[in-house]
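Take a look at the sequence and the structure, then try each exercise before you read its solution.

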Amino acid sequence: MMVAFSHETGRTGLSPLVLSLLMVASGCQTTKPAVTSAETAVRVTNAGQPYQMWDGAAARRAADVQCGPRGVTPSIYDRFDRATGEWVYPGGCA
């Protein structure tokens, strides 16, 4: 590892090149979020009627029933679609 010594201040520190290489080597890079495609997303309505935004717990139970014994895959990307009144679970069924 390369350490730079500053004669003016008497302090040592890592050079910008070394810092960049350390960031790349440690995996500190931007990556795509792990969201699956729209074809595998589970979309849930209330027996054909739109849900309300505050009906998230009921929508989750309905999605679990729709997916079977393993249920729906939870994700931070689960959301309420205001345009359709559906709860969307992008992770799909487990």
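This is a predicted model: local features need pLDDT of at least 70, side-chain atom pairs count only at pLDDT 80 or more; totals for chains, interfaces and linings use all residues.

**Exercise 1.** Work out which strands form the open sheet and in what order.

*Solution.* 
- Step 1: The open sheet is formed by 3 strands, and their order is 3-5-4, with antiparallel pairing.
- Step 2: Strand 3 (42-44) and strand 4 are the edge strands, since each pairs on one side only.
- Step 3: From one strand to the next, the twist averages 30 degrees.
- Step 4: Helix 2 (residues 56-67) packs on this sheet and touches strand 3 and strand 5. The direction of helix 2 makes about 125 degrees with that of strand 3.

As background, strands of a sheet pair through backbone hydrogen bonds.

**Exercise 2.** Find the place of D81 in the sheet and list what surrounds this residue.

*Solution.* 
- Step 1: Locate D81 in strand 4, which covers residues 79-81.
- Step 2: Strand 4 runs antiparallel to strand 5 (residues 86-89), and 3 bridges join the two.
- Step 3: Within strand 5, E86 is the bridge partner of D81.
- Step 4: Setting aside neighbours within four places in sequence, D81 is in contact with R43, E86 and V88.
- Step 5: Now check the side chain: D81 makes a polar contact with the side chain of T84, at 3.2 Å.

**Exercise 3.** What percentage of the 94 residues in the protein chain is buried?

*Solution.* Counting residues under 20% relative accessible area as buried, the share is 21%.

Key
Residues are numbered from 1 along each chain as its sequence is written. Side-chain values use heavy atoms; hydrogens and water are left out. Helices (H or I, at least four residues) and strands (E, at least two) are DSSP runs, numbered from the N terminus. A polar contact is a pair of N or O atoms within 3.5 Å; within protein, one must be able to donate a hydrogen and the other to accept it, and residues adjacent in sequence count only if both atoms are side-chain atoms. Contact means heavy atoms within 4.5 Å. Two strands pair if DSSP finds at least two bridges between them. Axes are lines fitted to C-alpha atoms, for helices over the stretch in contact, and angles run from 0 to 180 degrees between N-to-C directions. Buried means under 20% relative accessible area, exposed over 50%, partly exposed in between (1.4 Å probe, protein chains only).
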